[in-house]
Amino acid sequence: MKVMKWSVIALAVAAGTSQMALASQQSEAKGFVEDAKLDLLLRNTYWNRDHNNGNHDRDTWAQGFITTFESGFTQGTIGVGVDAYGLLGVKLDGGQDDMFPGGPTPAALPGDWEDDLSEAGAAVKFRLSNTTLKYGNQFVNLPVIASDDSRLLPEAFTGTMITSSEIEGLELNAGHFTADSPMGSPSRDSENPYNFTLKSIDFAGGTYAFSDNLSASLYFSDVEDTYDKKYANVNYVMPLSDDQSLTFDLNYYKTDNIEDRVAVNADDNTIWSLSAKYSTGAHAFILAHQRVSGDTGYQYDAGDGGGSIWVANSYLSDFNFKDERSWQASYELDFSSYGVSGLQWKTAYVRGDNIDAAYYGGEGEATEREIFNQVSYTFQDGAAKDLTLRARNSILRTNNPAWNDVNEWRLYAIYPISIL
């Protein structure tokens, strides 16, 4: 679940009225080596999915190694640099099924995976002033194309992306990608067995901060032979006192020209969510409502990445089925105020109804409900400083023929190491 910003008018007005950013990032470049970073992320993950309706349970334990290198930019008017990554996933116990990419094993795949999976990629980058162009293999985090990083190894895309911050408060993004390698698979293009083959995706959009409290986003994408998508967001933080605030967040997706390979006899879909979050000291209380309308449910991971669903009610279920309406009530607690820095807890209850069960082969209307809990602790000092331990549990109950009852645990041990 993610949050971003919006506005069609905002982008035009900002371009004409905002002052140019005073400092040029390229003018402050120290050099290819001087600004370089090399990091290693160790991610140990255990998943357990207990299906209550007779489906085969999933039980997976694996160790991930995620190495990322980011060079600095050479000095001069146009800076040049290189980014690279190396991924390694090692099976410790169980099968591949829920570690990559999630859900039952596709029929074309065996129930188990090799003892290890690996992938490497690199991209060359160029920077002029505050605008960067990157070509090659890269991770992306935008509402219409987002690398899924919810399991052991992240998803990567291949292509070109431009990021520009020439105007203060405004970030613009545009790109063209022609391949992806989803979580835990080094294959790309037609060899990718996990999801729809990505022929190409074109996207553009941006985020503008009107003030410290108000921001907005607007994005467009065209996934070849798949669908077109628009995304909009408005995020507003209303300060109430020194330690109290009320945050409103609106997310909106409109999908058109949906091809039969994604959903038969479907042309369009709309999904939106609106959340209100009241924060007071260490506590936060959230209410959210989400709705789906159109010829099908909200479609994603059909070429635009498994993380491209930035709506409020996205947990184990994304509550994105055809005609679904869902409500969320959740609570967050930061234990820092109670003397335990690094300890956090989130609990949520989400209920969805009005699902068109007939569309999924059933009858009438279906419902689903999920109870979500997550506890995480990050060590603040000592030999284990920056090590994060996280436990996540979801209890899902539904009579939707497209889904099934699930009790799920995800356990993580995440340790970042800065090498350079």
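**Close-up views of a predicted model**

**View 1. The second largest pocket and its lining.** Eighteen residues, written 18 in the count, line the second largest pocket, and Phe-69, Glu-70, Asp-83, Lys-125 and Lys-134 lie nearest its centre. A pocket here is an open set of points on a 1 Å grid over the protein atoms alone, where a 1.4 Å probe fits, with protein on both sides within 12 Å along at least five of seven lines; lining residues have an atom within 4 Å of a point. Its lining divides into eight charged, five polar and five nonpolar residues. Strands E1 (37–51), E2 (58–70), E3 (78–94), E4 (116–128) and E5 (131–138) each supply at least two of the lining residues; strands are DSSP runs of at least two residues, numbered from the N terminus.

This is a predicted model, with local features needing pLDDT of at least 70 and side-chain atom pairs pLDDT 80 or more, while totals for chains, interfaces and linings use all residues. Residues are numbered from 1 along each chain, and side-chain values use heavy atoms, without hydrogens and water.

**View 2. Val-140 in the largest nonpolar core.** Val-140 is among the members of this 27-residue core that touch the most others, as are Phe-177 and Tyr-253. Such a core joins buried (under 20% relative accessible area, 1.4 Å probe, protein chains only) Ala, Val, Leu, Ile, Met, Phe, Trp, Tyr and Cys residues through side-chain atoms within 4.5 Å. Beyond four places in sequence, Val-140 is in contact (heavy atoms within 4.5 Å) with Ile-145, Ala-146, Ser-147, Phe-157, Met-161 and Phe-177.

**View 3. Glu-168 in a loop.** Glu-168 sits between E8 and strand E9 (170–181). Its relative accessibility is 52%, so Glu-168 counts as exposed (over 50%).

How values were computed. Helices (H or I, at least four residues) and strands (E, at least two) are DSSP runs, numbered from the N terminus. Ala, Val, Leu, Ile, Met, Phe, Trp, Tyr, Cys and Pro count as nonpolar, Asp, Glu, Lys and Arg as charged, and the others, Gly among them, as polar.
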